[in-house]
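Take a walk through this protein, from its overall dimensions down to single residues. Keep the 3D view open as you read.

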Amino acid sequence: MPTALILSSFVAASRVGGMAQALALAALGIDPVVVPTVLFGRHPGRGAPGGGPTPIEMFEGVLAGVEADGVLGRGDVMITGYFASAAQVQSAARVIDTVRVTGPKCRIIVDPIMGDAGRLYVATEVAEAISSELIPRADLIAPNAWELEQLSGLPVVDASAAVLAARSLGKPVLVSSIPSGGEIGVVYADADGAWLASHPRAATAPNGVGDLLTALFAAALIEGLAADQALARAVGGVAEAVLASQADELPIVGMGARLGRTSPSVRLERLYG
């Protein structure tokens, strides 16, 4: 069975972060191994979340146990997401370096969770550590539009601008929250080409959409899909989940194969290449 190592948040009662990714990957036949950066009871947007950040000693201890069990040598993908401290980011960078040696087939996907719509969600030193330590080590970067602006220093107002900003990073990029007429889209860009997958914009979007997108794209790559087909399928799974959502909660449990199908509402367009 394929294996995914996830370094991100664990939120018990909300389908966000590493918890959402683990559920989605498991539904698609991929074994998730989650190393939590925080242990929360619920999404902070609902009020006091309960719990707190994982102390660095505990975080590194969990990583040591995962390594001792051989996971770093057999993983198919490693996803990094939310971090509570710069020290956690530095530990994640050391893990990536180990994976490069012990599990060279493993893809490193960095979701640089820093903020959105002009507001940082993390401390400045965490954002700086993600930029300096994780972005250079990534095989794929998966920001939202605002995060791509912070990483590239370029405006990201539409799909064409997203491609220019993505290519300035010198890495394959999967960037979400791209306006496309009256729709919302995701752009994938690498040195060979670029594609836009868009679908009708929902009135409201639940928490965890970006986390789910990253997980579904990773799953499609593990299955051997080409980048454009992986994009269409991942965006399709997200679109189906958003349509089925109630309030601010993603209905990952129970969706099963619907997460792995391209939705008829998704339009795939080749931009370059």
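For 273 residues, a compact globule would have a radius of gyration near 19 Å; the protein has 17 Å, which agrees. This is a predicted model. Its C-alpha trace spans about 50 × 40 × 40 Å along the principal axes. The secondary structure comes to nine helices and twelve strands. Of the 273 residues, 53% count as buried.

Now turn to helix α8, residues 209–222. How far apart are its end C-alpha atoms? They are 20 Å apart. At 1.5 Å a residue, the 14 residues should span 20 Å, so the two values agree.

Where does α8 sit? Twelve of its 14 residues are buried, so the helix is largely enclosed by the rest of the structure. Buried here means under 20% relative accessible area. The buried stretch of α8 includes Asp211, Thr214 and Phe217, along with Leu212, Leu213, Leu216 and Leu221. Ala215, Ala218, Ala219, Ala220 and Ile222 are buried in α8 as well. After the helix comes Gly224, with a positive phi near 90°.

The structure holds two aromatic pairs. Ring pairs link Phe217, Tyr188 and Trp195 into a cluster.

Leu39, Met58 and Val62 make a nonpolar patch of about 230 Å². Met58 lies in helix α2, residues 56–68.

Terms used. Residues are numbered from 1 along each chain as its sequence is written. This is a predicted model: local features need pLDDT of at least 70, side-chain atom pairs count only at pLDDT 80 or more; totals for chains, interfaces and linings use all residues. Side-chain values use heavy atoms; hydrogens and water are left out. Rings of Phe, Tyr and Trp (its six-membered ring) pair if their centres lie within 6.5 Å; planes under 30 degrees apart count as stacked, over 60 as edge-to-face and the rest as tilted. Helices (H or I, at least four residues) and strands (E, at least two) are DSSP runs, numbered from the N terminus. The expected span of a helix is 1.5 Å times one less than its number of residues. Buried means under 20% relative accessible area, exposed over 50%, partly exposed in between (1.4 Å probe, protein chains only). Patches are made of residues with over 30% relative accessible area and no salt bridge: like charges are joined within 9 Å, nonpolar side chains (Val, Leu, Ile, Met, Phe, Trp, Tyr) within 5 Å. Accessible areas come from the Shrake-Rupley method with a 1.4 Å probe; for residues, only the protein chains shown count as cover. A salt bridge is a side-chain nitrogen of Lys or Arg within 4 Å of a carboxyl oxygen of Asp or Glu. The radius of gyration is taken over C-alpha atoms; the globule rule is 2.2 Å times the number of residues to the power 0.38.
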